[in-house]
Amino acid sequence: QVQLVESGGGLVQAGESLRLSCEATGSIINLNVMGWYRQAPGKERELVAIMSRGGSTNYADSVRGRFTISRDYTKNTVYLQMDSLKSEDTAVYYCNSVGVWTSTDLYAEAFWGKGTLVTVSS
């Protein structure tokens with residue numbers, strides 16, 4: 001019933017920028033928190049940035065000052081503007097949402113997208 005669909009990944013050179021998008025679809029009434037995680041080859045999945053409906057944000061130290069998270073509440077969409085990309089940013093980026101309200105349920109568990117690949121060459 002609830003799906004998260006990411007887009008915007010691709011191949012870029014170090015120092016360039018990308019903008020990721022994630023739209024939540026389904027009978028959605030509200031999304032408390034939306035954000036992004038990433039998983040690089042051989043590494044654990046890690047938090048990149050999250051944003052509550054109230055506007056508070058949390059960034060990983062490795063991306064703070066380079067990445068900016070934003071949301072369009074009317075479109076149930078979260079964005080990640082990634083500037084000054086480094087080769088270390090290469091990973092599959094996953095959209096995440098918690099505190100999901102639908103027409104029939106209030107979900108305690110998180111929802112995840114299938115991921116979009118970002119590759120940064122040096």
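**Reading a salt bridge and its strands**

Biologist: Is glutamate 46 buried, exposed or partly exposed?

Modeller: Glutamate 46 is partly exposed, with a relative accessible area of 34%; buried means under 20%, exposed over 50%, and partly exposed in between, using a 1.4 Å probe and protein chains only. This is a predicted model, in which local features need pLDDT of at least 70 and side-chain atom pairs count only at pLDDT 80 or more, while totals for chains, interfaces and linings use all residues. Residues are numbered from 1 along each chain as its sequence is written, and side-chain values use heavy atoms, leaving out hydrogens and water.

Biologist: With which residue does glutamate 46 form a salt bridge?

Modeller: A salt bridge is a side-chain nitrogen of Lys or Arg within 4 Å of a carboxyl oxygen of Asp or Glu. Here the partner of glutamate 46 is arginine 38, with the closest N and O atoms 2.8 Å apart, and arginine 38 is buried at 6% relative accessibility.

Biologist: Which aspartate also forms a salt bridge with arginine 38?

Modeller: Aspartate 89 does, at 2.9 Å between the closest N and O atoms. Aspartate 89 lies in the loop between β8 (77-82) and β9 and arginine 38 in strand β4, so the pair ties together parts that are 51 residues apart in sequence. Arg38, Glu46, Arg66 and Asp89 are linked in a network of salt bridges.

Biologist: How many bridges join β4 to strand β5?

Modeller: Strands are DSSP runs of E, at least two residues long and numbered from the N terminus, and two strands pair if DSSP finds at least two bridges between them. Strand β4 is joined to β5 (residues 46-52) by six bridges in the antiparallel sense, with methionine 34 having methionine 51 as its bridge partner in β5.

Technical notes:
Helix = DSSP H or I, 4+ residues; strand = E, 2+ residues; numbered from the N terminus.
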